[in-house]
Amino acid sequence: MSHIAVREADVGVVNSGERVRPPDAPYFALEMEPGESGGPVFAASVCSEGETPEELEVRRYAVGLLHEFFRRREEVVRSTDCRVVLRNSLRHIHRHIVENYGDDGPRLDFLLVLADTQRLYAARCGGNSLFVHRGEETDALFGAWEGEGGLLGDAAGERIEIRETEVRPGDVVVLCNPSVSRVMGARDVGVILRRAREARKAALFLSAIAERKGAQGTLVALVWEVPNYRGAAIFTEEAIQEEVTPPPPPEEEGEEPHGEEERAERAKRQWLSKWRRRRQE
């Protein structure tokens, strides 16, 4: 089985805490190359950041476990239903907390997201939120977390909510931890993304508005724009072909290309040249 490259994702990050890199930070975001047989191209999570040593250990364990799993076990993920991977991941973390800390151990809010080139899957336990912005509309995939308890580590058992939705190139996905979720709704996120579509700029606006609205605790959010994987593949293939295929000899002035294939090849080279010039402007 061929290896699929995995890298830290290009996302906008809100993180008001002191820990800035996974697994110490209360989030992670990874991008994977699209595989021939499909599978996830994006994996990310946000979670609460506790203050006690036990809470910090549990959070670091959860983020570190999944960050390493998706970096090194992408073949397993690609061969399994994303919803199964999500649910089993959170259940494993839940069992780890219960087995190591007992009934009175720490609790953990957690949001885990997987996306392929067409759909996004999410599992939540706690008061995190997830938004998908398309065009002028912003939808919240989860409602308010009702009632008490049900977090990872609760002796009564975890309450895991699973959602999925279609995604398209240009959609913007926003993950928020409970501190941000308490003050930011779909309307707030929509206003931000209509004014600032670029992920890093949107993250700056999101952080500033959440603080202005009185958010308490460590603020964590991720902003990811769904890439055009199909378009990127086309450009890459054309660029490679342009490099390895010598250009045909110049045609005499006024001479028309011979045959449909030659005309198509000439049109493709002209289009690619214009596209590159626009990228450089």
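Trainee: Leaving aside its neighbours within four places in sequence, which residues is L108 in contact with, and what makes a pair a contact?

Mentor: Once those neighbours within four places are set aside, L108 is in contact with C47, S48, V58, R59, A62, I93, I97, C125, L151 and L152; the word applies because contact means heavy atoms within 4.5 Å. This is a predicted model, in which local features need pLDDT of at least 70, side-chain atom pairs count only at pLDDT 80 or more, and totals for chains, interfaces and linings use all residues. Residues are numbered from 1 along each chain as its sequence is written, and side-chain values use heavy atoms, with hydrogens and water left out.

Trainee: Why is a set of residues called a nonpolar core, and which residues of the largest one touch the most other members?

Mentor: The name is given to a set of buried Ala, Val, Leu, Ile, Met, Phe, Trp, Tyr and Cys residues joined through side-chain atoms within 4.5 Å. The largest such core has 27 residues, of which F70, L90, L108 and F110 touch the most other members. Two or more residues come from each of β3 (27-32), β4 (42-47), α1 (53-72), α3 (82-101), β5 (110-115) and β6 (119-125), and α3 gives the largest share, six residues. A second, separate core holds 26 residues, including A9, L130, V173 and Y229.

Trainee: Why is S48 called buried?

Mentor: Buried means under 20% relative accessible area, exposed over 50%, and partly exposed in between, with a 1.4 Å probe and protein chains only; S48 has 16%, so S48 is buried. This residue is found in the loop between β4 and α1.

Trainee: What does the side chain of S48 reach, and what makes that a polar contact?

Mentor: The side chain of S48 reaches the backbone nitrogen of D109 at 3.2 Å. A polar contact is a pair of N or O atoms within 3.5 Å, where within protein one must be able to donate a hydrogen and the other to accept it, and where residues adjacent in sequence count only if both atoms are side-chain atoms. The 3.2 Å between S48 and D109 is therefore inside the cut-off.

Terms used
Helices (H or I, at least four residues) and strands (E, at least two) are DSSP runs, numbered from the N terminus.
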